[in-house]
Amino acid sequence: MQKLNKNIEKIIKNFNKGNHLNSFNQIEALLKNNSQNIELLFAYGFMLSKINHNEKAKNIFEKLLLIKPMHTQSLNYLYINYLKINKLDESEIIIDKLLKIKPEHYEALRDKAYINYLKQNFTNALRFINKAIKINNKEVFGLNILGLTYIKTNNIDEAIKIFEKAVLVNDKYFDSFNNLGKCYIDKENLNLAFSYFKKANKINPNSELPIMNIGNVLSLKDKNKSAINFYYKALEINPKNNLIYTNIAITYCRLKNFDQATKYYNKAIELSLETPNLN
């Protein structure tokens, strides 16, 4: 058994170095004679999850949990796999099982809050994210969930405090700056909003969100042609974001170009029908 565990460690190290095919071949060879081995199954599921083979990973973790129902690492990775494929209800069921075993599990509490946020259950989202932050108040994703939930419950000033704290924790996490910008749009401070969106864009020029939000500020300032240019830049990054098409349509309405507005509204509707609504 000790020799097998050492082999698994070597395979995982090899996998983490990028030697995926060789690592999978080795694990699958070992599984032929050890199909019920917990460590092997977990290593296999872990590797599948890391390369986003989510359905296969899910099957492996489910098999492992039939053998060892209280295996917390498998419960953890299984709920994450469900989250990746937007199966929120299934993910929450697994999180609840994990929290029965480990009620102080930070990531499980945080992600349960996130799921409730996506489902617009903001009271529950606040309850679980506050529990999580009592355990760890130095993790930016959790702080951003709390801030976003404050926005949804019309507590903008508290949201700003949380996002400002998130920026101090990690000034390279662009979402915190982007979310601060959204807060200042709500407070009608367009210059400060613009400044935060620019910072977010500088940190992550590959995200369409700050670019779209810069367009939103320009549109609110009646700089509609400039706004459309930014929306087009955002579309180059993510042509599947239906909100960008909606914003372009609104801006064309402001320019009284109703033919273009109709074209982009129709595209936004088309995309909204194609894309599952997480809310």
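Reader: Hi! Which ring does the charged end of lysine 112 sit over?
Author: Hello! The charged end of lysine 112 sits over the ring of phenylalanine 128, 5.0 Å from the ring centre. Bear in mind that this is a predicted model.

Reader: Noted. And what about lysine 233, which ring face does that one lie over?
Author: Lysine 233 lies over the face of phenylalanine 230, at 4.7 Å from the centre of the ring.

Reader: Where does asparagine 116 sit, and is it buried or exposed?
Author: Asparagine 116 belongs to helix α7, which covers residues 106-118. The residue is buried, with a relative accessible area of 3%.

Reader: Let's switch to ring pairs. How many aromatic pairs are there in the whole structure?
Author: A search of the whole structure gives 14 aromatic pairs. One of them joins phenylalanine 46 and tyrosine 77, with 5.8 Å from centre to centre and 80° between the planes, an edge-to-face arrangement. That pair links distant parts of the chain: phenylalanine 46 is in helix α3 (residues 38-50) and tyrosine 77 is in helix α5 (residues 72-84), 31 residues apart.

Reader: How accessible is phenylalanine 46?
Author: Phenylalanine 46 has a relative accessible area of 12%, so it counts as buried.

Reader: Why is the pair of phenylalanine 61 and tyrosine 77 called stacked?
Author: The planes of these two rings are at 25°, with the centres 5.8 Å apart, so the pair is stacked. The cut-off for stacking is under 30 degrees. Phenylalanine 61 lies in helix α4 (residues 54-67) and tyrosine 77 in helix α5, so this pair ties together parts that are 16 residues apart in sequence.

Reader: Is phenylalanine 61 buried or exposed?
Author: Buried: phenylalanine 61 has 0% relative accessibility.

Reader: Which residues do ring pairs link into a cluster?
Author: The cluster holds Phe15, Phe24, Phe42, Tyr44, Phe46, Phe61 and Tyr77.

Reader: Phe15 takes me to helix α1. Which residues of α1 are buried?
Author: Phe15 is among them, and the others are Leu4, Ile8, Ile11, Ile12 and Asn14. Looking down the axis of α1, the buried residues fall within an arc of 160°, so they line one face of the helix.

Reader: What is on the face turned away from that buried side?
Author: There you find the exposed residues Gln2, Lys3, Glu9, Lys10, Lys13 and Asn16.

Reader: And what do the buried residues of α1 pack against?
Author: They pack against α2 (20-33) and α3.

Reader: How does the span of α1 work out?
Author: Helix α1 has 15 residues (2-16), and at 1.5 Å a residue it should span 21 Å; the end C-alpha atoms are 21 Å apart, which agrees. Just after α1 comes glycine 18, with a positive phi of about 105°.

Reader: Now the core. Which residues have the most contacts inside the largest nonpolar core?
Author: Those are Ile27 and Met47, in a core of 89 residues. Helix α3 gives the most to this core, with nine residues.

Reader: What is methionine 47 in contact with, beyond its neighbours within four places in sequence?
Author: Methionine 47 is in contact with Ile11, Ile12, Phe15, Ser23, Phe24 and Ile27.

Reader: New topic: how many of the 13 residues of α9 are buried?
Author: Eleven of the 13 are buried, so α9 is largely enclosed by the rest of the structure. The buried residues include Val140, Gly142, Asn144, Thr149 and Tyr150.

Reader: Which helices do they pack against?
Author: The buried residues of α9 pack against α7, α8 (122-135), α10 (156-169) and α11 (174-186).

Reader: Last one: what is the phi of asparagine 154, and where does this residue lie?
Author: Phi of asparagine 154 is near 60°, a positive value in a residue other than glycine. Most residues other than glycine have a negative phi. Asparagine 154 lies in the loop between α9 and α10, and is exposed, with a relative accessible area of 71%.

Reader: And what about asparagine 52?
Author: Asparagine 52 also has a positive phi, about 65°, although it is not a glycine. Its place is in the loop between α3 and α4, and with a relative accessible area of 48% asparagine 52 is partly exposed.

Key: Residues are numbered from 1 along each chain as its sequence is written. This is a predicted model: local features need pLDDT of at least 70, side-chain atom pairs count only at pLDDT 80 or more; totals for chains, interfaces and linings use all residues. Side-chain values use heavy atoms; hydrogens and water are left out. Rings of Phe, Tyr and Trp (its six-membered ring) pair if their centres lie within 6.5 Å; planes under 30 degrees apart count as stacked, over 60 as edge-to-face and the rest as tilted. Helices (H or I, at least four residues) and strands (E, at least two) are DSSP runs, numbered from the N terminus. Buried means under 20% relative accessible area, exposed over 50%, partly exposed in between (1.4 Å probe, protein chains only). A charge sits over a ring if NZ of Lys or CZ of Arg is within 6 Å of the ring centre and within 35 degrees of the ring normal. The expected span of a helix is 1.5 Å times one less than its number of residues. The arc is that of the directions from the helix axis to the C-beta atoms. Contact means heavy atoms within 4.5 Å. A nonpolar core is a set of buried Ala, Val, Leu, Ile, Met, Phe, Trp, Tyr and Cys residues joined through side-chain atoms within 4.5 Å.
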